[in-house]
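Keep the viewer open and try each one before reading on.

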Amino acid sequence: MPPRIPCRAHRAACPTPTAAVRCRTRLQQTRFASTSASAPEIYDVVCVGGGPAGLSLLAGLKASPTTCGLKVALIEGQDIQKNRLPKDASVVGFSNRCSSLTPASVRNLQEIGAWRHANASRIQPYQEMQVWDGVSDARISFDWDTARSLGPRKPTQPTTIAYMIENVNTVSALLGRLEELGGVDMFASTKVDAIELGTDTEQLDLSSWPVLSLSNGKSLAARLLVGADGANSPVRTFAGIASRGFDYSRHGVVATLDLSTAGWGGPDHKIAYQRFLPSGPIAMLPMPGNFATLVWSTTPERAATLKSLAPNDFAAMVNAGFRLSPADLEYLHTLPSGQAEEVAWREKHTPTNERGLPVRVTDVQAGSVASFPLRMRHADTYTGERVALVGDAAHTIHPLAGQGLNQGQGDAAALVRTISHAVQTGQDIGSTLALESYNEARYAENNAMLGVCDKLHRLYSVESGPIVGLRSLGLRAVDAMGPLKGFFMNRAAGGV
Amino acid sequence: MKPSNSLRAIRPIQRHLTAPSYRPTSARPVLRQAPLFASATTSASPIRFSSTASSPQKEHPKSTVDPTEVSHFNALASSWWDPVGPSRLLHLMNPLRHTFISRCRAASSSASPNTNLRYLDIGCGGGIFAESAARLAHTASVTAIDPTPEVLKIAEAHKRRDPTLAAPGKLTYINSSIEDLPQPQTPQEGYDIVSLFEVLEHVNAPGPFLEHIMPHVKPGGWLVLSTISRTWTSWLVTNVMAEDVLGIVPKGTHDWAKYVNETELRDWFQGKPGWGDLKTLGVMYVPGFGWKEVTGSEGWGNYFFAVRRAE
Ligand SMILES: Cc1cc2nc3c(=O)[nH]c(=O)nc-3n(C[C@H](O)[C@H](O)[C@H](O)COP(=O)(O)OP(=O)(O)OC[C@H]3O[C@@H](n4cnc5c(N)ncnc54)[C@H](O)[C@@H]3O)c2cc1C
């Protein structure tokens, strides 16, 4: 997708003559449009993007006595209020965009006072994870009891691996907290039209300050401009920070599923399932009651097929995804319809241990089947002069570890710490020096997580040969070793 | 090149900016950090602290800045605020200065308020500390002085880049040495914090120099400084390593004999009635980790020193 912000905002020289011409044109337009809005209003922090990462950053800043005095603004293109989860929303009809929040992310949301604003009845903690190889059936199960090497679990030790929550619930909780804290100038349903560097006037030299022209005609100067504006980040484009990566030529198919029961562990011991298929992992994550959310990474063609199916055929395909062989699945994807009967027939001839599989899907919530392309992107750096990137603006990850949203939460918390230290020591919070510690704190960690997820994806795309044996061996070995499993679980849970 | 040690890694740079070559006192250009040669002590070995306050005098050499030095300086001055330029280590050290000051102020059971503090920064250079002090929530104003006009131009230009600092009365630069700065009429008109960072080691006669500064400290206020000990280690690191081996500093930049030991400062202030609460903090630059507190290193390396004027 082309950047939404014209290139004249680049700090670096315009790369091509054509671009330069475009720059000039846009500049004239803006001048014309904004002659009345003379001097920009000056802010300490301007955050573009009111997704989970941006809102978490703002709530963190406003919740801390050190940073609550900063003058901050939020710019969000969408209507924030319209997309909010109603307080009294009943526990049916879950959004198909859910995330698995790690205990570390939840702890941060608690610390900034946002967690209690979440609709708790729509959050599902889970205590066990079953992961297996679709080709060899080697399996690993994660729960805190088997992960401990020494003695039984103490009652104070955690049992929860992670929390399933709709993104809209996280966002609504953060908005609730921000409303309670106050002090953020919110520009919702407002687009950033352009970003350019300020000017050097007699009184002030704003030539290093990003100045944003908004669709409502306002103009804001930012001591620190935060790009929380998603994968196509206009702020990143403005800062001239390249983002590298590739497309997996895979799509993530998401859906909200109705299950026959609450699951094998009942309502108090919920289990997440992930099966690695050669086309990508299929995962079923528990939601409250008899609901679950699906994330099935697969080829764009198969994703298109799945989306076209009638609800009963779709449900049958999900059941098959956890039970039938890769060869059977391949055939089933070639049928335009009738999967329900076909799957029922094949299942009779496929021995399964139902206790190790998710309970059956009975239906799929109307309108909840959707897909999105999977990409891996990593910005070259998260900081520039008067610019910091958080969340998907900085990195986009393969969803197989469910870490995307958590990484953004980690970024926001780290940036709050960096800003807080800078305020305490009188640094200019937009200076590259002050921002260095943020980049140092997050870049390597996110890069490692991107690398692990990418390698897992590649490892499990192999259908035959020695790698299948080795990876099965690996899963079995890890499963047999409590301490090692504890280590992996800690990583997955966002611990140290 | 990244200096591999804490010690002189930064001072030579400042010095470089203002007095790149070392000359006999008579022909010396005005040092930004060494505005006073009030008493003409040019002792080459352990510093003799004058115990008698030097009379206010105006005969210290006026600027005779060598034009070639100025152009040399200008080339470097533009990089004063470059985060990866030659002043990087100074920038990195700056937050620690505030940590040290906060710690000193927190430790003193004082009736002095925690807001509306007034700072005087002596030898402010491009304004690294002065700007940061002016940004703090508790700061009423910062007066920053330096005898070198060129660095003050850099400081003034950089100040315009921050609307907070441009607020009237927040941050005032004065092109002056401490001797020329009018003394407060009454002690209460003094400053809450008087800072002297990386200056003392360039001064020929630290005693009389400090005597000039002390009246500017308000009763209950602090004089805070950082400098470097005159030890075998510092000699090796700054004179041998930095100049001869690594060559990151022009030869002759350092006058190791001028370094002041923490114990010397301590002894000197202990002899001053009405001054107390002495505090020190040894710091070290660890490549890859930045500036770190190292207990005991005040004995042989860079250190912060603070002393409080009795209320
Ligand atoms: C279709 C889709 C489905 C996904 N499904 C899942 C899933 O099931 N589970 C999961 O864990 N993750 C999923 N992800 C990833 C997850 O949504 C992201 O990791 C997460 O939302 C990132 O949060 P963020 O705050 O960084 O960015 P975003 O949530 O993308 O927020 C960016 C915000 O910036 C705003 N914005 C952008 N440009 C401008 C502008 N010029 N002016 C004003 N505002 C602007 C946008 O409106 C948006 O609200 C999905 C992503 C996509 C695209």
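**Exercise 1.** Which strands of chain B does helix 3 (residues 88-107) lie across?

*Solution.* First, the ground rules: this is a predicted model, where local features need pLDDT of at least 70, side-chain atom pairs count only at pLDDT 80 or more, and totals for chains, interfaces and linings use all residues. Residues are numbered from 1 along each chain as its sequence is written, chains are lettered from A and ligands numbered from 1 in the order written, and side-chain values use heavy atoms, without hydrogens and water.

Step 1: helices (H or I, at least four residues) and strands (E, at least two) are DSSP runs, numbered from the N terminus.
Step 2: helix 3 of chain B lies across strands 1, 4, 5, 6, 7 and 8 of chain B, with contact meaning heavy atoms within 4.5 Å.
Step 3: helix 3 of chain B runs at about 150° to strand 6 of chain B, on a scale from 0 to 180 degrees between N-to-C directions of axes fitted to C-alpha atoms, for helices over the stretch in contact.

**Exercise 2.** Find the strand order of the open sheet in chain B.

*Solution.* Step 1: pairing requires at least two DSSP bridges between two strands.
Step 1: the 8 strands follow the order 3-2-1-4-5-8-6-7, with mixed pairing.
Step 2: strand 3 (171-175) and strand 7 (290-293) of chain B are the edges, each pairing on one side only.

**Exercise 3.** Is Arg360(A) buried, partly exposed or exposed?

*Solution.* Step 1: buried means under 20% relative accessible area, exposed over 50%, partly exposed in between (1.4 Å probe, protein chains only).
Step 1: Arg360(A) has 31% relative accessibility, so Arg360(A) is partly exposed.
Step 2: Arg360(A) sits in the loop between helix 10 (339-348) and strand 16 (361-364) of chain A.
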